[in-house]
Amino acid sequence: MFDKILIANRGEIALRVVRACREMGIRSVAVHSTADSDAMHVRMADEAICIGPPPSAQSYLSFPAIISACEITGAQAIHPGYGFLSENAAFVQAVEDHGIVFIGPSAEHIRIMGDKITAKETARSLGIPVVPGSEGGVPSLAEARRIAGEIGYPVIIKATAGGGGRGMKVARDPAELELAFGTARSEAKAAFGNDEVYLEKYLARPRHIEVQVFGDGRGTGVHLGERDCSLQRRHQKVLEEAPSPAITAEERDRIGRICADAVARLGYSGAGTIEFLYEDGQFFFIEMNTRLQVEHPVTEAILGVDLVREQIRVAAGLPLSFAQEDLRINGHAIEVRINAEKLPHFAPSPGRITQYHAPGGLGVRMDSALYDGYRIPPFYDSLIAKLIVHGRDRPEALARLGRALGELIVDGVDTTVPLFEALLEEPAIRAGEYDIHWLERWLRERMTAAS
Ligand code: ADP
């Protein structure tokens, strides 16, 4: 096992990794920009090292800064968290070239899954059902028209190099396709430096259901059930729950087995998430994330497994500490992503926290790097806390979420807490009957009603 791990991230996820390290008796090294000198992850880690100025490109994304920090502190492995360098194959290569262990899959697997076209081809070849669409990149408008005609409108145009819900455009007819194709390409070029796009059938009312998988890199693959992340704004997840209120135990077993088998055949190592859209009893692969997800705690809650600990174990060459048949779902868990944002437009709301009180009690977990007097810097993601609740069943989890939100105090900045309080009143949310477009529709209706 490693003696010392460097965490190439910040905020709640850096803290999450520090906690796993401490429980495993491993020393942790925090890295931080000059804007984060007072951050909680810096205070909680065993050691901390400044790696550059506030812009991420010069700190949290800087290969030389992070690799030198490892060499200076003698860290043997790097945990990348999510975002930043977690899915950067070139980084993994550089880390390995320096004799440091990357806690995650191989550069090759990251590369395959990072390109959405190769990812889809690989998924298809492993027996995973995929969304109908173009075979690969679509080079011209004429070609886009031909394929859209074949699969039928509406279609969605996506950037091959896309991520974070960016670079997607929907077209309902050939006229819209012309405009959407052009904008998708130029946006993809601007955002990812690559203007290749592909086409998919646009599903009208799917749910987003993703399967958590783990591989030991030596041909063993397991699945840890699904998470339902259908509550989204701008293609970004807002609330996640497990198990999904929409699928049966047989469907879970079937799709889980397909995913576990795929991971085993790939020889995949570490944590991964295979994302699907689910409509009318069918699963359609959209992408695979080759890292820990923001919403991993809902899986931990219902299965009692520490996913970060497993990641570290597998990276150190140890076997998984559980087998497929050891996993039993216990109750229901819900996570809400609390952002420092001002409603109704979700404008970033950085600033100083004048008062902070975290909720507690049975079945409540708060993953946050906030503290009284903390100043949220304006340079990074607006996620400030993840509140995760666990109950014997979904109604109990919902009641617990309402109770915990009521206990939470975050003063000094605006947050998205009122959004969740309002959502808890909604019959569709209480019944678990919502698709990926539900929240956007709901927000639009309320804005119109308010104006
Ligand atoms: P990203 O990597 O940018 O997150 P994804 O391919 O994972 O992109 O898609 C993100 C979200 O966009 C999905 O969860 C879903 O809400 C929406 N989406 C993606 N593909 C489709 C599709 N074919 N039809 C309808 N919605 C889609």
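**A walk through the predicted model**

All five of the five residues of strand 6 (residues 155–159) are buried, so this strand is largely enclosed by the rest of the structure. Buried means under 20% relative accessible area, exposed over 50%, and partly exposed in between, with a 1.4 Å probe and protein chains only. Helices (H or I, at least four residues) and strands (E, at least two) are DSSP runs, numbered from the N terminus. The model is predicted: local features need pLDDT of at least 70, side-chain atom pairs count only at pLDDT 80 or more, and totals for chains, interfaces and linings use all residues. Residues are numbered from 1 along each chain as its sequence is written, and side-chain values use heavy atoms, with hydrogens and water left out.

In a regular strand the side chains alternate between the two faces of the sheet. Strand 6 is covered on both faces: Val155, Ile157 and Ala159 are buried on one side, and Ile156 and Lys158 on the other. Two strands pair if DSSP finds at least two bridges between them. Strand 6 runs antiparallel to strand 7 (residues 168–171), with four bridges joining them, and Val155 has Ala171 of strand 7 as its bridge partner. Strand 6 is also antiparallel to strand 8 (residues 197–201), through five bridges; here Lys158 is partnered by Tyr198.

The buried residues of helix 9 include Ile255, Cys259 and Val263. An α-helix has 3.6 residues a turn, so residues three or four places apart point the same way. The cover over the buried residues of helix 9 includes strand 9 (207–216), strand 10 (221–233), strand 12 (269–279) and strand 13 (282–289), where contact means heavy atoms within 4.5 Å. After helix 9 comes Gly267, with a positive phi near 70°.

The cysteines are next. The structure holds zero disulfides, a disulfide being a pair of cysteine sulfur atoms within 2.5 Å. Cys229 is in no disulfide either, and the nearest cysteine sulfur, that of Cys259, is 14 Å away. Cys70 is buried at a relative accessible area of 1%, and Cys229 is buried at 0%.

There are ten aromatic pairs in the structure. Rings of Phe, Tyr and Trp (its six-membered ring) pair if their centres lie within 6.5 Å; planes under 30 degrees apart count as stacked, over 60 as edge-to-face and the rest as tilted. Tyr60 and Tyr380 have ring centres 5.6 Å apart and planes at 85°, so their pair is edge-to-face. This pair links distant parts of the chain, 320 residues apart: Tyr60 is in the loop between strand 3 (47–52) and helix 3 (63–73), and Tyr380 in the loop between strand 20 (375–376) and strand 21 (383–391). Tyr60 is buried at 0% relative accessibility, and Tyr380 is buried at 12%. Trp438 and Trp442 form a stacked pair, 5.8 Å centre to centre with 15° between the planes. Both lie in helix 15 (residues 438–450), four residues apart, about one turn of the helix.
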